[in-house]
Each structure stands twice: as structure tokens, then as C-alpha cells.
Amino acid sequence: MSKDLSIIIVNYNTRDLLRDCLNSIFASRGDFTYEVIVVDNCSTDGSAEMVITEFPLVKTIRSDINGGYAYANNLGLREATGRYQMLLNPDTIVPPTALHDLITYMDAHPEAGVVGPKLVRPDGSLDLACRRSFPTPEVAFWRLTGLSRLFPKSRRFNRYNLGYLDPDEPAEVDSVVGACMMIRREALAGVGLMDEDFYAFGEDLDLCYRIKKDQGWKVLYYPAVVVTHYKGESMKQRSTEMIYHFYRSMWVFHRKHYAKNTCFVLNWLIALGIAGLAAVKLFLNALKPPSARRVGSA
């Protein structure tokens, strides 16, 4: 029997955070039906066993391989029956009415293919990735050169993270973040599943690009719903590998959506720039103690 909402959570060695996330989901209030699908990406911390034991209503899928975030989400999406599908990270906490409110908002906006809430870090600061523009060559240049950080409110220099917009005002955007993203079933059916060429970053941008640019749906940011995002807890366990995938995803996105309309000289410069930034980041990360190593922010 189909549900109003299917929630897909991809987990890798975040057992305790996953437990808190699931408890927040099952504390939800509102008149709607939902299912929860946890895809475990070869965890070694007993995550899958915890879900099976403590949350018997959850459908647990144990992936035979750690094929990345897009690969694992696709395993869950293939099993989803909801008229809306939500991608949710295990390091999030959803308030009691969040799921109901997002469903209600989508129902009221039939033009929306995707909606994302406001995400905040545990200290209350905005998770900048929760609303973004597509990284065109110009947008990516301002971000990668650091000008977006120097001028965070600039409409020109910080188009990627939309720093000039009020974070408490709803807006149509290019992309929300896969850490908490609700997708209309018809929109997903029109573009297909996530592109598994993206291992751990960029797949949400790519999905929103295809839904918005290729199919004409709107992508909406809805800050009346606020979700807490601890962010990066599984990524920092393999920071070196994830830094590689972080920068690789930039090139994959550019190659897929912009390279054919960009002159070859600029394409080479973009590739060299991404490779150079990745090399610097890997070097600096190697100098840090393991507890201080991080990946970055998409």
C-alpha cells in the first residue's frame, strides 16, 4: 500500500546519530502516512543491527558494497512507495511537525518538484548548503577563489550560497541539499534516479538540475520548517577519500552540464583549478591531527 511519504536514510557508521534521527521521525505528529527505509553502507559499528532490533517498523537494506551516497539512495528509492520521497541524512533531527508541514507545503505548491527546509547546525548557525545556485563556471569561480566568503552578502560573488537572501524567507532556488530534501514522485519519475557517477557530493545538485532545467519543476526553499544538521559525521571518518570525491564531484558536474558549451581552454583551466585546490586541501588536511580533519561544505 502506498504512503504519503517515503523517507530514505543512507547510513555509514553513525549508529548513535541514526538512532536519534529515527526517534525524531517516529515522534512526528500530523495526519499522514509514511515509511522509513534505512540503507546501510557496510557499517562496522552495528548500525544495521541497532535498526533491526530497536526499530522493527523500519525497512533495513544492507548494501553489499559501499557504492557511495547516490548508489545507496537509489537502493532505497527503488523500494519507496510514497507520493513524496525524502532523502534524509542520519545526522539530522526533525521537529515533531516538520514532515507534516513539508507535505502540506508540497500539496499547496503543485508546481514544486523539490522542497527543502532550513537546516541549522547544532549551534543555531545556518547550514549554507540548504539553498544554492547551480555552480556555473562563473558562480564556481567566485566561490573557489574565496570571494564569496569575503563578500557573503554580494549578489554577484555569493550566488552559490545565496548569501544575499533572507534565510527566513521562502524562495525559489536552484537546489536544496540532499541532507533533507523532499521530492515529488512525478518529478523523480521524469528524470530517473540519482546519478551514481557522483560518489558522495554533487548528486543532489545534479538531481535538482535535471528536475528544474530538464523537466521544468520548481525547487523551493521553505524555512518555516527548521531541521538540525550535525553534518559530516560519517565523512570525517574517511576525510582524505572524501576530499578527493568532493573536488571530483565539481568536475563531474561541470563536465556533465557545462563543458559542452564552454571553450576547451576554459575547460582545461577549470580542471586544473579543481585539481590544484584538491591538492592543497589534501596537503593541509594531512598536516592536521585526525580529530581535526574535515572535508568541506558543498
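Predicted model: local features only at pLDDT ≥ 70, side-chain atom pairs only at ≥ 80, totals over all residues.

Reader: Then what makes β4 and β8 a pair?

Author: Five bridges join β4 to strand β8 (residues 180–184), and the cut-off is at least two. So the two strands pair, and they run antiparallel. Within that pairing, Met 86 stands opposite Met 182 in β8.

Reader: And how do you know that β1 pairs with β4?

Author: By the count again: strand β1 (residues 5–11) is joined to β4 by five bridges, where at least two are needed. These strands run parallel. Ser 6 stands opposite Gln 85 in β4.

Reader: Why is β4 called largely enclosed?

Author: Because five of the five residues in β4 (residues 84–88) are buried. In a regular strand the side chains alternate between the two faces of the sheet. Here both faces are covered, with Tyr 84, Met 86 and Leu 88 buried on one side and Gln 85 and Leu 87 buried on the other.

Reader: Let's turn to charges. What makes Asp 107 and Arg 83 a salt bridge?

Author: Side chains of opposite charge can pair when their charged atoms come close. The limit is 4 Å between a side-chain nitrogen of Lys or Arg and a carboxyl oxygen of Asp or Glu. For Asp 107 and Arg 83 the closest N and O atoms are 2.9 Å apart, so the pair qualifies. Asp 107 sits in helix α4 (residues 98–108) and Arg 83 in the loop between α3 (69–79) and β4, 24 residues apart.

Reader: Why are both of those residues called partly exposed?

Author: Buried means under 20% relative accessible area and exposed means over 50%. Asp 107 has 39% and Arg 83 has 34%, so each falls in between.

Reader: How do you know that Asp 204 and Arg 132 are buried?

Author: Asp 204 has a relative accessible area of 6% and Arg 132 has 0%. The cut-off is under 20%, so both count as buried. Their side chains meet in a salt bridge at 3.0 Å, N to O. That pair links helix α8 (residues 203–214), which holds Asp 204, with the loop between β6 (112–120) and α5, which holds Arg 132, 72 residues apart.

Reader: What makes Arg 255 and Asp 197 a tie between parts of the chain?

Author: Their side chains meet in a salt bridge, 2.8 Å from N to O. Arg 255 lies in helix α9 and Asp 197 in the loop between α7 (185–191) and α8, so the pair ties together parts that are 58 residues apart in sequence. Arg 255 is partly exposed at 42%, and Asp 197 is partly exposed at 29%.

Reader: How many salt bridges does a search of the whole structure find?

Author: The search finds 19. Some share partners: Arg 15, Asp 16, Arg 19 and Glu 54 are joined into one network that way.

Reader: Last one: which classes make up the lining of the second largest pocket?

Author: The lining has 18 nonpolar, six polar and one charged residues. The pocket's volume is about 470 Å³. Of its 25 lining residues, Ala 140, Phe 141, Leu 144, Met 250 and Ile 274 are the closest to the centre.

Notes
Residues numbered from 1 in each chain as written. Heavy atoms only, no water. 1 Å grid on protein atoms, 1.4 Å probe; cavity = no way out; pocket = protein on both sides within 12 Å on 5 of 7 lines; lining within 4 Å. Points joined across faces, edges and corners; volume = space filled by probe spheres on them. Nonpolar A, V, L, I, M, F, W, Y, C, P; charged D, E, K, R; others polar. Buried < 20%, exposed > 50% of the residue type's maximum accessible area, 1.4 Å probe, protein only. Helix = DSSP H or I, 4+ residues; strand = E, 2+ residues; numbered from the N terminus.
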